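Have a go at each one before reading its solution.

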Amino acid sequence: MANADPFSMSTLLTSLQHLPFTSATEPMIPAVPPPPRGIPVAIPQPRYHGGQPLNNSFPVGFLAPQYLESRLQSLFNLMTSSKEEVNIAPREMISRLSRRELQEMAYLLTSDPDYFLAIARNKNGSHRLQKLIGKSDDADNLFFLAIFRRFLHVMTDKYASYVAVRGMQVFDDKKKELMYEHILPHALRLACDKHGHIALNEVITDLDHPFYRDHLLDLVALNALLLSYDAYGNYVVQHVLTLYDLRCTYNIAVSLLGYCVELSFDKCGSYIVEKLLETEESMVLVVEELLECEGGRLMRLARKETGSFVVIKALRVMQEMNRVDLFRGLVQKLMPFRHLLRRPCGNTTIAAIIESGC
């Protein structure tokens, strides 16, 4: 055993089995995990009450700090190293854990919020945490608390966010509801974040609780104008529109009234307007705004690459829906500019449609 790899799975599991908790006879020293090697993390000192740390409900008590630090560093390396470095596949690693080993591993992983966050922010660490979540209710309690304590940090990180999303997929209903409650006041902040908007879209897709789903969709619809002009928020609006929730789609259209033409000049904004043209409840509102638009501005929109897709779609859906009044209204609005649409920088497709509608 003298030459055993201190980062191997067998060595780690053996050490986990010998880590004393409440049964230890040596003087108990509370856990203060070290900053993970190579990653600058400020580890806060744990708070105490009656001689016990408040950072977890699991019984606390370890041997000497250097022994604990060695185990935590071994666990960190195991969780964040590549498969080639640890010579074991994540699936095989998880399958070897007994219920007690899983509980003790989960306790070590969540013994400090920043230690957990450092692992979750690592690509390999995130993947392996996802594999651990959902294996045990007791372990899930610890993972839930760890995610909750650094919720915004987790949800706005490229890799850590997948850990939270995984939790919301497999946690019991009570934990899910608590996480949904925490998402609602932070939904707009997540929607406008580079990685948060991706996590939020995943949550919206998987959300099957009617109350929280409706509440979250209403938040997006109510703030659709703000989100539509945001670099990341517009993707949340686009995503919600792909769910084809008729009430939400109509509410988004109402929120964007008076701005559909302006949004159509923008690449991302035009995608939103095109989505609104796919549902009967909202398409009429969009076309009516196009008809109210000044003729020259509508012509410029039709000649612009992004805007032309909106105009083409508006003309075609009105034809397909047999809304003769709205279709002819668009044709008459664009007819005076037919010659400009026939030019190289125009749009011959729109020109052909309006000529066929004469």
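**Exercise 1.** Work out how helix 19 and helix 22 are oriented to each other: roughly parallel or roughly antiparallel?

*Solution.* Keep in mind that this is a predicted model. Start with the axes: those of helix 19 (residues 267-276) and helix 22 (residues 305-320) come within 9 Å and cross at roughly 10°. Angles under 35 degrees count as roughly parallel. Helix 19 and helix 22 are therefore roughly parallel to each other.

Next, look at who touches whom. Helix 19 brings Lys267, Ser270, Val273 and Glu274, and these meet Thr306, Phe309, Val310 and Lys313 of helix 22. Sorted by class, that contact has 3 nonpolar, 2 polar and 3 charged residues.

**Exercise 2.** Compare the span of helix 22 with the one expected at 1.5 Å a residue, then find what covers its buried residues.

*Solution.* Helix 22 has 16 residues, and from first C-alpha to last it reaches 23 Å, close to the expected 22 Å. Now for burial: the buried residues of helix 22 include Val310, Val311, Ile312, Leu315 and Met318. Among the elements covering the buried residues are helix 18 (260-264), helix 19, helix 20 (280-292) and helix 21 (295-303). Finally, step just past the end of helix 22, where Asn322 takes a positive phi of about 60°.

**Exercise 3.** Is Asn77 buried or exposed?

*Solution.* First place Asn77: it sits in helix 2 (residues 65-80). Its relative accessible area is 8%, and the cut-off for buried is under 20%, so Asn77 is buried.

Notes:
Residues are numbered from 1 along each chain as its sequence is written. This is a predicted model: local features need pLDDT of at least 70, side-chain atom pairs count only at pLDDT 80 or more; totals for chains, interfaces and linings use all residues. Side-chain values use heavy atoms; hydrogens and water are left out. Helices (H or I, at least four residues) and strands (E, at least two) are DSSP runs, numbered from the N terminus. Buried means under 20% relative accessible area, exposed over 50%, partly exposed in between (1.4 Å probe, protein chains only). Axes are lines fitted to C-alpha atoms, for helices over the stretch in contact, and angles run from 0 to 180 degrees between N-to-C directions. Angles under 35 degrees count as roughly parallel, over 145 as roughly antiparallel, 65 to 115 as roughly perpendicular and the rest as oblique. Contact means heavy atoms within 4.5 Å. Ala, Val, Leu, Ile, Met, Phe, Trp, Tyr, Cys and Pro count as nonpolar, Asp, Glu, Lys and Arg as charged, and the others, Gly among them, as polar. The expected span of a helix is 1.5 Å times one less than its number of residues.
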